[in-house]
Amino acid sequence: QVQLVESGGGLVQAGASLTLSCATSGFTFSRYNLNWFRRAPGKEREFVAAISPSSDSIGYSDSVKGRFTISRDNANNILRLQMNSLKPEDTADYYCAADSKTHLTGRFSLMDYWGKGTLVTVSV
């Protein structure tokens with residue numbers, strides 16, 4: 001049974017940092033691209049970051065580039081998202097997702113597996 005479980009969300013003030021984690025099981029983690037998406041209240045789901053199986057290819061949305069860092073631990077099947085300099089507009093449910101495509105796509109319709117999300121709230 002495939003499972004992706006996000007953790008680490010919470011309420012923080014603008015300028016603070018948070019690290020999200022995604023613990024996975026039930027699939028061959030080291031063979032999948034791993035992704036973070038988010039959905040803000042009343043908005044569409046959007047791509048945040050992605051990382052290839054060997055971490056040699058990484059991509060970020062323009063809105064988080066330079067502030068967020070995606071990383072993976074293939075030994076322990078964990079995906080992380082380090083979020084620095086958080087802004088109120090980063091408030092959203094954050095989801096991890098896995099896909100088996102040959103390159104990073106950032107397209108939620110192409111994901112194979114999804115977690116249920118963790119809420120990040122950034123106050124002014």
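Which residues are linked in a network of salt bridges?

1. Arg-38, Glu-46, Arg-67 and Asp-90 are linked in this way. A salt bridge here is a side-chain nitrogen of Lys or Arg within 4 Å of a carboxyl oxygen of Asp or Glu. The structure holds five salt bridges.

2. The model is predicted: local features need pLDDT of at least 70, side-chain atom pairs count only at pLDDT 80 or more, and totals for chains, interfaces and linings use all residues. Residues are numbered from 1 along each chain as its sequence is written, and side-chain values use heavy atoms, with hydrogens and water left out.

3. One of the salt bridges joins Asp-90 to Arg-38, with 2.9 Å between the closest N and O atoms. Asp-90 lies in the loop between β8 (78–83) and β9 (92–99) and Arg-38 in strand β4 (residues 33–39), so the pair ties together parts 52 residues apart in sequence. Strands are DSSP runs (E, at least two residues), numbered from the N terminus.

4. Asp-90 also forms a salt bridge with Arg-67, where the closest N and O atoms are 2.7 Å apart. Arg-67 sits in the loop between β6 (58–60) and β7 (68–73), so this pair ties together parts that are 23 residues apart in sequence.

5. Asp-90 and Arg-38 are both buried. Buried means under 20% relative accessible area, exposed over 50%, and partly exposed in between (1.4 Å probe, protein chains only). The relative accessible area of Asp-90 is 0%, and Arg-67, at 11%, counts as buried.

6. Asp-62 and Lys-65 form a salt bridge through their side chains, at 3.4 Å from N to O. Asp-62 is exposed, with a relative accessible area of 68%.

Note on methods
Helix = DSSP H or I, 4+ residues; strand = E, 2+ residues; numbered from the N terminus.
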